[in-house]
Amino acid sequence: MSRTGQIQKILSPSFTVKFIPANGDCFYCCISDALHGSSVKSLRQIASDCLNQETFDMMRICWTAQQSG
């Protein structure tokens, strides 16, 4: 049984498993699919519009800590 089949067995029949290619946009592709039509480009734009210096600095600190740990 495929991994998708194994996951589908765990879920109720009202849920389905959909393959999303691992292409660097997979997070945004999942959200786009769930929202039925928002484009990956528009979702990325929303995310970047919400990024401010404080958030960016925190992300950089977390990334640096992860790299050294």
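Okay, hi everyone. Before anything else, keep in mind that we're looking at a predicted model.

Let's start with the fold. What does the secondary structure of the protein chain come to? Four helices and zero strands. Read from the N terminus on, the order of elements is α-α-α-α. Now, the radius of gyration of the chain is 17 Å, while the globule rule gives 11 Å for 69 residues, so this chain is more spread out than a compact globule. If you draw a box along the principal axes, the C-alpha atoms fill roughly 45 × 35 × 20 Å.

Next up, the surface. How much of the chain is buried? Buried residues account for 4% of the 69 residues. The chain exposes about 6,000 Å², and 62% of that comes from carbon and sulfur atoms.

On to charges. We've got 6 positive side chains and 5 negative ones.

Last, let's zoom in on Q66. Where is it? Q66 lies in helix α4, which covers residues 53-68. Is Q66 buried or exposed? Its relative accessibility is 52%, and the cut-off for exposed is over 50%, so Q66 counts as exposed. And here's a distance you can check on the screen: N52 is 14 residues away from Q66 along the chain, and their C-alpha atoms are separated by 21 Å.

Key:
Residues are numbered from 1 along each chain as its sequence is written. This is a predicted model: local features need pLDDT of at least 70, side-chain atom pairs count only at pLDDT 80 or more; totals for chains, interfaces and linings use all residues. Side-chain values use heavy atoms; hydrogens and water are left out. Helices (H or I, at least four residues) and strands (E, at least two) are DSSP runs, numbered from the N terminus. The radius of gyration is taken over C-alpha atoms; the globule rule is 2.2 Å times the number of residues to the power 0.38. Buried means under 20% relative accessible area, exposed over 50%, partly exposed in between (1.4 Å probe, protein chains only). Accessible areas come from the Shrake-Rupley method with a 1.4 Å probe; for residues, only the protein chains shown count as cover. Lys and Arg count as positive and Asp and Glu as negative; His and the chain ends are not counted. The place of a charge is taken as NZ of Lys, CZ of Arg, CG of Asp or CD of Glu.
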